[in-house]
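Let's take a walk through this protein together. Keep the sequence and the 3D view side by side, and we'll go from one landmark to the next.

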Amino acid sequence: MKLYRIIILILLVSGLSKCKVVNKVIVGKYIETAFGDTLQINNDQSYEYLEKLNNGTLGWTQGKWIIKNRKIYFQCDHQPLVGYRLKVRPDTLLQNFQIKLLLGDTDEPINIENVCLFKNNLHVDANNFKQSTNVVTIFTTNFDSIVIHTSNFTPLSLPNILNTNHGNIARIYPVERLYALDKVPFSINKNILKSRKTKAYQNIFLTFKKIDN
């Protein structure tokens, strides 16, 4: 039993030492090479992020970071949302009533998190619509409005004025840069922190260079 306790103690000490080594590699101040954002990664598993916005001001966010499967993940302590301009056009190639969300003039999907249909300020039963990655298919015309929550933008609210005989494409143009730090994992090599592509977010490219320990 005494030998067992000694082994456990050695493993614990070894594990803590490895964590300290990993933290020493990651902790520090970084500059994003393309946009000039500043990222401060702290030893207590927290971070602060100053993001340069389109209008020249700085957006400040903070949160926690963790290591999983040799990748670094950032978890913001709230959901940073930006405003947008919206253009909706018909998609007559589709004969069912649906709304597809795309980013600006690209074919990049905008991920849908939640959908609500309303009639007289009450929720319409969820069986009346179906949501996928970036498409809402609606099976009823008996509603007043639809509210779509996405991962980046303030809620999208549309009155029931769209033609229900075909599809619709909603193009969303962000007013500011999208907050992307917590959307993808990162790897670090030789003081360079680099984002890794995921299936959901193919077009996020962030590279930070460490400038301070």
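Start with R85: its charged end sits over the ring of Y173, 4.8 Å from the ring's centre. To count as sitting over a ring, NZ of Lys or CZ of Arg has to be within 6 Å of the ring centre and within 35 degrees of the ring normal. R177 lies over a ring face too, that of F35, at 3.8 Å from the ring centre.

A quick word on what you're looking at: this is a predicted model, where local features need pLDDT of at least 70 and side-chain atom pairs count only at pLDDT 80 or more, while totals for chains, interfaces and linings use all residues. Residues are numbered from 1 along each chain as its sequence is written, and side-chain values use heavy atoms, with hydrogens and water left out.

The structure holds six aromatic pairs; rings of Phe, Tyr and Trp (its six-membered ring) pair if their centres lie within 6.5 Å, and planes under 30 degrees apart are called stacked, over 60 edge-to-face, and the rest tilted. Y49 and Y179 make an edge-to-face pair, 5.9 Å centre to centre with 65° between the planes. This pair joins distant parts of the chain, 130 residues apart: Y49 is in strand β3, Y179 in the loop between β14 and β15. (Strands are DSSP runs of E, at least two residues, numbered from the N terminus.) F186 and F208 form a tilted pair, at 6.2 Å and 55°, linking β15 to β17. Y49, Y179, F186 and F208 also belong to one aromatic cluster, along with Y47 and F74.

What about the inside? Nonpolar side chains tend to be buried together in soluble globular proteins. A nonpolar core here is a set of buried Ala, Val, Leu, Ile, Met, Phe, Trp, Tyr and Cys residues joined through side-chain atoms within 4.5 Å, with buried meaning under 20% relative accessible area (1.4 Å probe, protein chains only). The largest core has 22 residues, and L101, I138 and I146 have the most contacts inside it. A second, separate core of 21 residues includes Y47, Y49, F186 and I204.

Finally, find the open sheet of four strands, in the order β9-β8-β12-β13, with antiparallel pairing. Two strands pair if DSSP finds at least two bridges between them; β12 and β13 have four. Across that pairing, I148 stands opposite L156 in β13. The edge strands, β9 and β13, each pair on one side only.

Technical notes: Buried means under 20% relative accessible area, exposed over 50%, partly exposed in between (1.4 Å probe, protein chains only).
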